[in-house]
Amino acid sequence: MQLFQKKSPFYNLALFYIIISFITRLILLIHPITSTEFTVIDTVKIFLLGLISDVFVFVVASLLLLIYLLFLSNSKYNKPYGYIFFGGLVLLLVYMISGKSILNEYGGIVPEIGISFIALKTILFGLLLFLPHYRNKIRVALFSITIFIFVFVIILNSVSEYFFWNEFGERYNFIAVDYLVYTNTIIGNILESYPVVPLFICIGIVSIFSTYIIVKKSKYYLEHLPNGVDKIKNFGLYGIVFTLSLFVIPNVSKLENSNNVFINNLQSNGLYRFYLSFRKSELDYYKFYKTLPEKDCFAIIKKQITGIKKEFPVQEITSLSPENHKNVVLITIESYSADFLRAYGNEQKITPFIDSLATQSLLFTNLYAVGNRTVRGLEAVTLCLPPTAGESVIKRFDNKNKFSTGSVFKKRGYTTKFLYGGDSYFDNMGEFFSGNGYDIIDKKSFQEKEISFANIWGVCDEDMAKKAINEMDKQSCSGVPFFNHWMTVSNHRPFTYPDQKIDIDSHAKSREGGVKYTDYSLRLFFEMAQKKSWFKNTVFVILADHCASSSGKTELPIDKYRIPAMIYAPGFINPKKYNNLMSQIDIMPTLFGLLNFKYTSKFYGQDVLKKDYKPRALIATYQDLGLIKENILTILSPLKKVKQFELILKPNPKIAPEFKLYYEQKPLINKRTDLINETISYYQTASYLLKKKKYEK
């Protein structure tokens with residue numbers, strides 16, 4: 001069982017991780033931000049249970065190390081196996097370089113990463129194969145590099161935990177997960193906030209020294225590599241300990257039950273906390289954001305959302321006219337910024353059909369997406385709820401049986417379907433929509449003959465358009481009204497689509513090509529739909545899920561949230577522009593108003609065509625929560641931070657006033673307390689409803 005002996009790299013690296021974890025825990029314990037006193041029992045609990053957690057977390061996290069050690073062997077270089085394996089690597093490399101590998105379907109830097117990895121593996125294997133006299137020296141060098149990577153990551157994680165604790169007073173939470181999502185922004189922030197170069201030099205020096213010690217203590221293992229039988233025994237024993245770890249880690253975590261949150265945090269393992277935060281996907285609003293007394297929040301929101309009588313947030317939506325049960329097709333377009341359209345100043349002519357359709361529709365010229373991910377857009381038009389801190393409701397465990405647009409249609413006898421050209425398993429969409437009463441039509445529903453082109457994201461929008469028409473034909477035969485929600489996929493990297501459909505080369509893999517091909521597919525869809533008997537009895541809602549880009553100079557650059565949106569129904573809704581400020585969560589309640597639906601609502605979204613609507617828009621990232629109102633942007637951030645900016649419209653004589661996108665965001669010197677309180681009320685009450693399960697249907 002060489003793997004677990006003192007001369008084993010596995011043993012020595014485990015010991016190193018445990019020592020670093022102990023030092024990290026001790027430093028956090030005495031850190032000034034840890035403003036509490038600990039009893040002897042508390043201290044013993046922190047370090048004892050912390051040690052148990054660290055040991056078993058290392059076992060799970062070291063799986064890659066185990067695989068690497070098991071593949072260390074001399075026999076694989078013997079004739080003829082070594083030459084066969086080397087030949088296989090060369091053929092694989094040629095296949096990757098050919099540009100026809102599966103990785104090329106995704107595009108971006110993924111093919112380059114794949115080629116680099118296989119090329120490096122081929123070169124190193126060749127050196128070990130053809131230079132047997134230098135094999136031991138080469139292996140020691142490669143082994144040292146491998147151990148250095150593990151050591152560097154362990155130390156870097158420890159330093160990161162320190163800085164995270166220094167800022168937030170706890171181990172990793174969803175903010176740490178968020179840092180991985182917004183890598184560019186966070187790296188920029190780190191570069192500006194910390195002495196990165198000296199810090200990394202120090203980490204590098206410590207890592208090199210630690211690697212030297214571990215390699216020296218583990219050299220015996222390299223000189224006496226285990227044989228096949230020993231490797232099987234090692235793997236079997238590791239498998240037992242690994243399985244035990246999966247049981248022990250969550251159960252030790254359950255013992256983090258002290259009333260003192262510092263004890264719970266110090267006892268925990270940072271890596272496991274990160275994993276839990278990733279799965280839980282939410283931030284506790286009450287812990288990280290500025291709050292108000294609940295009764296004050298409810299009182300403020302009741303003034304903003306009309307129709308709330310007694311129980312918050314229940315509203316009675318009424319109409320003097322009879323309900324109109326027309327079919328409804330909601331099309332959310334992937335990554336479709338307002339500035340793609342001609343009206344907003346684009347001169348590339350990449351949206352000719354949408355430009356034309358906008359002139360025939362009720363066009364919402366001043367509408368903002370709630371977020372910058374697809375799940376946020378889907379959440380907004382389905383739940384009509386402010387974007388709460390952390391991950392979208394769609395990706396949370398508690399995402400079923402919510403009050404939704406689908407439930408409003410269902411109550412009127414509609415069939416409700418979610419149509420998606422990709423695999424609805426992605427981003428948890430399938431579970432969310434099926435858990436809220438939708439039937440799912442996704443890539444798995446397609447027959448082979450129905451697919452003319454597909455990439456990593458799914459079938460092209462053109463194929464989905466044809467599939468959608470067929471589904472609507474079937475639904476119309478039943479005599480029951482239908483509500484279909486179609487999410488497009490083609491305007492997404494790698495921006496590949498069928499040849500000779502548009503005047504931008506399909507091999508260019510450009511954003512403009514993706515936008516124009518989606519526009520082409522929508523034209524095809526409507527050309528087919530207009531020939532159907534159900535067309536005249538159908539209302540089409542078209543809007544983006546989010547913008548193509550979200551980065552900017554400020555936390556929430558509002559031009560990166562402005563999206564096109566329109567409702568098209570010839571003979572039913574007259575073409576006109578609605579220019580007031582509004583949110584993505586308002587689009588479906590506005591549609592329900594046009595259909596004269598009478599229903600009991602929990603939506604925060606409002607019918608913007610009503611006289612008592614108060615213009616505002618809600619925009620957010622995973623942690624920055626914003627409200628746009630009265631030309632002021634208010635932003636709530638973790639650590640109970642609040643910022644306000646005056647929005648000053650930038651002049652552009654080439655664009656009509658209602659389509660101007662760009663604002664200077666000037667920090668507000670005299671804060672508007674009323675708008676701060678309103679912003680808090682929107683997000684605090686939404687978090688409250690979800691936490692208390694009061695947003696169920």
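Q: At 56% relative accessibility, does K474 count as buried or exposed?
A: This is a predicted model, in which local features need pLDDT of at least 70, side-chain atom pairs count only at pLDDT 80 or more, and totals for chains, interfaces and linings use all residues. Residues are numbered from 1 along each chain as its sequence is written, and side-chain values use heavy atoms, with hydrogens and water left out. Buried means under 20% relative accessible area, exposed means over 50%, and partly exposed lies in between (1.4 Å probe, protein chains only). At 56% relative accessibility, K474 therefore counts as exposed.

Q: Which residue does K474 meet in a salt bridge?
A: A salt bridge is a side-chain nitrogen of Lys or Arg within 4 Å of a carboxyl oxygen of Asp or Glu. An α-helix has 3.6 residues a turn, so residues three or four places apart point the same way. With N to O at 3.9 Å, the residue that meets K474 is E471.

Q: How far apart are the closest N and O atoms of E256 and R273?
A: E256 and R273 form a salt bridge. This pair links distant parts of the chain, with E256 in the loop between α10 and α11 and R273 in helix α12, 17 residues apart. E256 counts as buried at 17% relative accessibility, and so does R273 at 16%. Their closest N and O atoms are separated by 3.5 Å.

Q: How many residues apart in sequence are the parts that R672 and E630 tie together?
A: The side chains of R672 and E630 meet in a salt bridge of 2.7 Å, N to O. R672 lies in the loop between β19 and α22, while E630 is in the loop between β16 and β17, so the pair ties together parts whose separation in sequence is 42 residues.

Q: What positive phi does E630 take?
A: Strands β16 and β17 run antiparallel and are joined by 5 bridges; two strands pair if DSSP finds at least two bridges between them. Their hairpin has 2 residues between the strands. There, E630 takes a positive phi near 55°.

Q: How many of the residues of β17 are buried?
A: In a regular strand the side chains alternate between the two faces of the sheet. In β17, I632, T634 and L636 on one side and L633, I635 and S637 on the other are all buried. The count of buried residues in β17 is thus 6 of 6.

Q: Which strands stand at the edges of the open sheet of 8 strands?
A: The sheet has mixed pairing and the order β6-β5-β9-β2-β10-β11-β3-β12. Two of these strands each have a single partner, so one side of each is left without a neighbour in the sheet. Those edge strands are β6 (439–441) and β12 (576–578).

Q: What angle does the direction of helix α16 make with that of β9?
A: Inside the sheet, β5 and β9 run parallel, joined by 6 bridges, and T416 stands opposite F483 in β9. Helix α16 (residues 374–383) packs on the sheet, touching β2, β5, β9 and β10, where contact means heavy atoms within 4.5 Å. Axes are lines fitted to C-alpha atoms, for helices over the stretch in contact, and angles run from 0 to 180 degrees between N-to-C directions. The angle between α16 and β9 is about 165°.

Q: How many of the residues of α16 are buried?
A: The buried residues of α16 include T374, R376, E379 and L383. The helix is largely enclosed by the rest of the structure, because its buried residues number 10 of the 10.

Q: Which helix gives the largest share of the nonpolar patch?
A: Patches are made of residues with over 30% relative accessible area and no salt bridge, like charges being joined within 9 Å and nonpolar side chains (Val, Leu, Ile, Met, Phe, Trp, Tyr) within 5 Å. This one, of about 700 Å², includes L15, F22, I30 and Y162; accessible areas come from the Shrake-Rupley method with a 1.4 Å probe, and for residues only the protein chains shown count as cover. Y162 belongs to helix α6, but the largest share, 7 residues, comes from helix α1.

Definitions and conventions:
Helices (H or I, at least four residues) and strands (E, at least two) are DSSP runs, numbered from the N terminus.
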